Amino acid sequence: MRESSESKVRYNPGNLGDLLKHGWLVEIVRFLRRLKGGEPLHYADTFCGFAEYDVGDEVARRIRDRFHVLTFRRLQETFLARGKYAGSVTLARLAAEGNLRASIFDSNPEALASFHSGEAEILEIRSGCDILDSKEPYDLIFLDPYDDIRDVAQLVLAKSAARHRLSSVLIFFPVKTEAQRGVLTTAVDRLGVNCQLGFVMNPGSLQDGRYHFATVFLPGSSLNLGAVLGLFGELNIVTARVNALAAGP
Ligand SMILES: C[S@@+](CC[C@H](N)C(=O)[O-])C[C@H]1O[C@@H](n2cnc3c(N)ncnc32)[C@H](O)[C@@H]1O
């Protein structure tokens, strides 16, 4: 059964961090889907959250009027029109035009129950980062934790880089301070693999909270480098648009 969203998430859906990670997710899924031709994209989302969330008019208005990332906005529109905001699995499915094989996990059983039975395979893992120990060659793994994994961020990055022959990996990090941003940048530089990093500096508000936001994309090593560089350009545009939104009216 698909439940409406709830008040148990620790942030306001549709915040600047969501726009960053979901803007990137839509671009990456569309890119990978084009490469797969007609074959379904195998997608793992192990901090999957809910299928959709309740949002107020202000969130919908900001996206419609001021967030100029057109595909993302088009995919969200049917949700915004009924006071909702699509979560990552729902958005990935739409971006893949239905051609998605989703494997999901969340430590909150209510989140898992928000998906129709048969819509996604529920993974038998204990915690979202366990997916990085799997030998399964997913096309894309999305890791979207709260800030709890800050202490293990370097390990998560290293494991993601170590399996980049098997999968592309997208990771989202809420970042509390400028210093943490520096630590993350250094850790990404030291990975020694081709990857893209995006930051949004959040001035802070009731809707957007106090965290800054970082996202890292590690493309699978089998992907064409020239094509990947083109994708990086699209991701940079999304980041710039979120930063423009953060910067003011
Ligand atoms: C930021 S939310 C995910 C949002 C979701 N990806 C989306 O975009 O709609 C983080 C999720 O991680 C879940 N979570 C927290 N600790 C976890 C863990 N160790 N393993 C898996 N899920 C966890 C929470 O229940 C929450 O739903």
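# Chat about a predicted model

Modeller: Strand β8 is largely enclosed by the rest of the structure, because four of its five residues are buried. Buried means under 20% relative accessible area, exposed over 50%, partly exposed in between (1.4 Å probe, protein chains only). Strands (E, at least two residues) and helices (H or I, at least four) are DSSP runs, numbered from the N terminus.

Colleague: What kind of model is this, and how are residues numbered?

Modeller: This is a predicted model, with residues numbered from 1 along each chain as its sequence is written. Local features need pLDDT of at least 70 and side-chain atom pairs count only at pLDDT 80 or more, while totals for chains, interfaces and linings use all residues; side-chain values use heavy atoms, without hydrogens and water.

Colleague: Back to β8. Which strand is β8 joined to, and do they run parallel or antiparallel?

Modeller: β8 is joined to β9 by five bridges, and they run antiparallel. G198 has T215 as its bridge partner in β9.

Colleague: And the sheet as a whole? In what order do the strands come?

Modeller: The order is β5-β4-β1-β6-β7-β9-β8. That is seven strands in an open sheet, with mixed pairing. Two strands pair if DSSP finds at least two bridges between them.

Colleague: Which strands stand at the edges?

Modeller: β5 and β8 (196-200) do. Each has a single partner strand, so one side of each is left without a neighbour in the sheet.

Colleague: What about β4: how many of its residues are buried?

Modeller: Four of the five residues of β4 (residues 100-104) are buried, so this strand is largely enclosed by the rest of the structure. Five parallel bridges join β4 to β1 (residues 41-45). L41 has L100 as its bridge partner in β4. β4 also has two bridges to β5 (residues 121-122), again running parallel. There, I104 stands opposite I122.

Colleague: What comes between α4 and β4?

Modeller: A loop, and E97 lies in it. E97 is exposed, with a relative accessible area of 63%. Its phi is near 50 degrees, a positive value in a residue other than glycine. Most residues other than glycine have a negative phi.

Colleague: And R93, buried or exposed?

Modeller: R93 is buried, with a relative accessible area of 19%. R93 lies in helix α4 (residues 88-95). Leaving aside neighbours within four places in sequence, R93 is in contact with G98, L100, A102 and E119. Contact means heavy atoms within 4.5 Å.

Colleague: New topic, α6. Which of its residues are buried?

Modeller: In α6 (residues 153-162), they are A153, V156, L157, S160 and A161. Seen down the helix axis, they fall within an arc of 130 degrees, so they line one face of α6. The arc is that of the directions from the helix axis to the C-beta atoms.

Colleague: What do those residues pack against?

Modeller: The buried residues of α6 pack against β6 (140-143), β7, α7 (178-190) and β9 (212-218).

Colleague: Last one. What volume does the largest pocket have?

Modeller: About 750 Å³. Of the 40 residues that line this pocket, the closest to its centre are R10, Y11, D144, P145 and Y146. A pocket is an open set of points on a 1 Å grid over the protein atoms alone where a 1.4 Å probe fits, with protein on both sides within 12 Å along at least five of seven lines; lining residues have an atom within 4 Å of a point. The volume is the space filled by probe spheres set on the points.

Colleague: Which element gives the most to the lining?

Modeller: α1 does, with four residues.
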